[in-house]
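Welcome! Please keep the view open as you read.

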Amino acid sequence: MHVDRYIATTVLKSVATVLACLLVLVTLFTLVDEFRDITPGYTKGHAVMYVLYTMPRQLYDLVPYAAFIGALVGLGVLASRTELTVLRAAGVSLVRLFVSASVPTLLVVGANQVLGELVAPAGETAASSMKLRVQRGDEAGHIISSHWYREGPLYTEIGGYAQEGELVAIRQYRVESGRLVLSRYADSAVFVADDESPGHWLLEGVVETRIGPDGTSVHRYDELPWRSATEPELLSAKALFDPAKLSFADLHFQIRYMQREGLDPTRYQVAFWGKALQPVAVLGLVLVALAFVVGPLRQAGLGARLGVGIAVGLGFKYLVDVFGPMSVVFAIPPWLAMAIPVAVCWCAGALLLRRV
């Protein structure tokens with residue numbers, strides 16, 4: 001038990017140190033990149049706020065690689081002091097070493113999943129909304145960015161988003177039997193929660209044109225309810241964000257909506273399975289780290305281990321980045337596309353350990 005705690009503590013300290021270093025570097029690079037994007041409306045103050053808001057997301061993305069490099073460094077420290085050799089001579093198996101190193105990484109990954117589900121999406125929403133509002137906004141502070149949404153025969157174009165979740169410049173078209181039967185424009189829309197139903201959108205400043213066999217008629221309404229079976233989150237500014245920046249709940253809403261409407265949800269499914277398989281991927285990277293330390297990097301120095309760790313981490317990232325688009329292009333099931341890099345990682349670690 002003391003041996004397991006000692007190994008876990010050493011690995012955890014290394015993971016925390018590597019994670020802090022990577023976060024500082026990535027934050028500085030992001031800040032420099034944002035400073036290059038300065039516009040008359042988007043100031044350096046906005047850039048700093050953007051970086052602070054996106055820091056939880058940066059942390060979430062860095063954890064798998066920090067866990068691998070940290071495990072490599074932590075186990076390497078034990079190997080350089082011949083402690084791993086003593087432990088193995090005393091009968092401690094490689095499986096036990098792997099379990100001892102995996103426990104702290106799983107704790108970090110567990111906390112990271114909570115961060116990625118609760119904190120990072122909120123920060124990303126605040127950061128992206130602020131940037132879109134400043135760079136692509138109007139005088140009222142609305143985000144001016146068109147987004148199309150379909151529900152059955154009704155096609156909706158949302159022209160922008162207000163800070164309080166209000167929709168602006170909504171255009172709707174109803175097509176039945178291949179013929180346009182209704183055209184509607186609303187200045188804005190707010191979501192109204194009902195006590196006995198999921199709620200509905202209330203369109204304001206509505207001009208509606210009905211097209212029939214006998215001609216057209218125009219009707220005006222101060223307010224008009226729009227009942228939709230879709231969660232209001234799908235009609236928020238989150239619809240403009242990259243799928244990888246959404247939470248499990250938001251991805252689930254998007255996937256369910258797109259499947260219901262007969263649309264292709266592959267991009268969102270790839271992001272969903274990438275998040276779901278992250279703990280398994282991290283354990284595979286820890287296995288590779290252990291295989292390197294007890295194998296080819298047993299006598300290597302810290303610099304060599306860091307170099308190998310960065311190279312393997314980048315290789316794993318590129319593998320994930322390749323199989324994601326391949327799922328879309330070649331119709332590979334998203335779960336399989338995201339599982340292949342994880343399986344490659346586990347197989348590489350197992351093969352390296354067999355040569356020890």
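Val-15 sits in helix α1; helices here are DSSP runs of H or I with at least four residues, strands are runs of E with at least two, and both are numbered from the N terminus. With a relative accessible area of 3%, Val-15 is buried, a word that stands for under 20% relative accessible area, while exposed means over 50% and partly exposed lies in between (1.4 Å probe, protein chains only). Which residues does Val-15 touch, leaving aside those up to four places away in sequence? They are Ala-66, Ala-67, Gly-70, Ala-71, Thr-105 and Val-108, where contact means heavy atoms within 4.5 Å. The C-alpha atoms of Val-15 and Pro-64 are 9.9 Å apart, although 49 residues separate the two in sequence.

A word on what you are looking at: this is a predicted model, in which local features need pLDDT of at least 70 and side-chain atom pairs count only at pLDDT 80 or more, while totals for chains, interfaces and linings use all residues. Residues are numbered from 1 along each chain as its sequence is written, and side-chain values use heavy atoms, with hydrogens and water left out.

**The nonpolar cores**

In soluble globular proteins, nonpolar side chains tend to be buried together. A nonpolar core is a set of buried Ala, Val, Leu, Ile, Met, Phe, Trp, Tyr and Cys residues joined through side-chain atoms within 4.5 Å. The largest one in this model has 46 residues, and the members that touch the most others are Ile-7, Val-11, Phe-68, Leu-75, Leu-84 and Leu-97. Two or more residues each come from α1 (2–36), α2 (44–80), α3 (83–89), α4 (94–135), α7 (278–294) and α9 (334–354). Of these, α2 gives the largest share, 13 residues. Apart from this core lies another, of 26 residues, including Ile-170, Trp-201, Leu-234 and Leu-251.

Val-11 has its own set of contacts: not counting residues up to four places away in sequence, Val-11 touches Gly-70, Ala-71, Leu-75, Ala-101, Pro-104 and Thr-105.

The 21 residues of α9 should span 30 Å at 1.5 Å a residue, and the end C-alpha atoms are 31 Å apart, which agrees; the expected span is 1.5 Å times one less than the number of residues. Where does α9 bend? The bend is about 30° at Ile-340, with a proline, Pro-341, following within four residues; a bend is the angle between axes fitted to the seven residues ending at a position and the seven starting there. Buried residues of α9 include Met-338, Pro-341, Cys-345 and Leu-353.

Helix α5 has 13 residues and reaches 18 Å from its first C-alpha to its last, close to the 18 Å expected. Its buried residues are Asp-250, Leu-251, Phe-253, Gln-254, Ile-255, Tyr-257 and Met-258. Just after α5, Gly-262 takes a positive phi of about 75°.

Thr-230 lies in the loop between β6 (215–226) and α5 (248–260). Is Thr-230 buried or exposed? Its relative accessible area is 5%, so Thr-230 is buried. Its contacts, beyond residues up to four places away in sequence, are Tyr-149, Glu-151, Tyr-257 and Arg-260. The C-alpha atoms of Thr-230 and Tyr-257 are separated by 7.0 Å, with the two residues 27 apart along the chain.

**Rings and charges**

Rings of Phe, Tyr and Trp (its six-membered ring) pair if their centres lie within 6.5 Å; planes under 30 degrees apart count as stacked, over 60 as edge-to-face and the rest as tilted. By this rule there are seven aromatic pairs. Phe-272 and Trp-273 have ring centres 5.9 Å apart and planes at 85°, so the pair is edge-to-face. Phe-191, Trp-201 and Trp-226 form one aromatic cluster.

A charge sits over a ring if NZ of Lys or CZ of Arg is within 6 Å of the ring centre and within 35 degrees of the ring normal. Here are two cases.

| Charged residue | Ring | Distance to ring centre |
|---|---|---|
| Lys-44 | Phe-35 | 5.5 Å |
| Lys-275 | Phe-248 | 5.2 Å |

**Positive phi in two loops**

Most residues other than glycine have a negative phi, and most peptide bonds are trans. Thr-82, not a glycine, has a positive phi of about 60° and is found in the loop between α2 and α3. Ser-177, also not a glycine, has a positive phi of about 55°, and its place is the loop between β3 (167–176) and β4 (179–192). Thr-82 is partly exposed, at 46% relative accessible area, whereas Ser-177 is exposed, at 84%.
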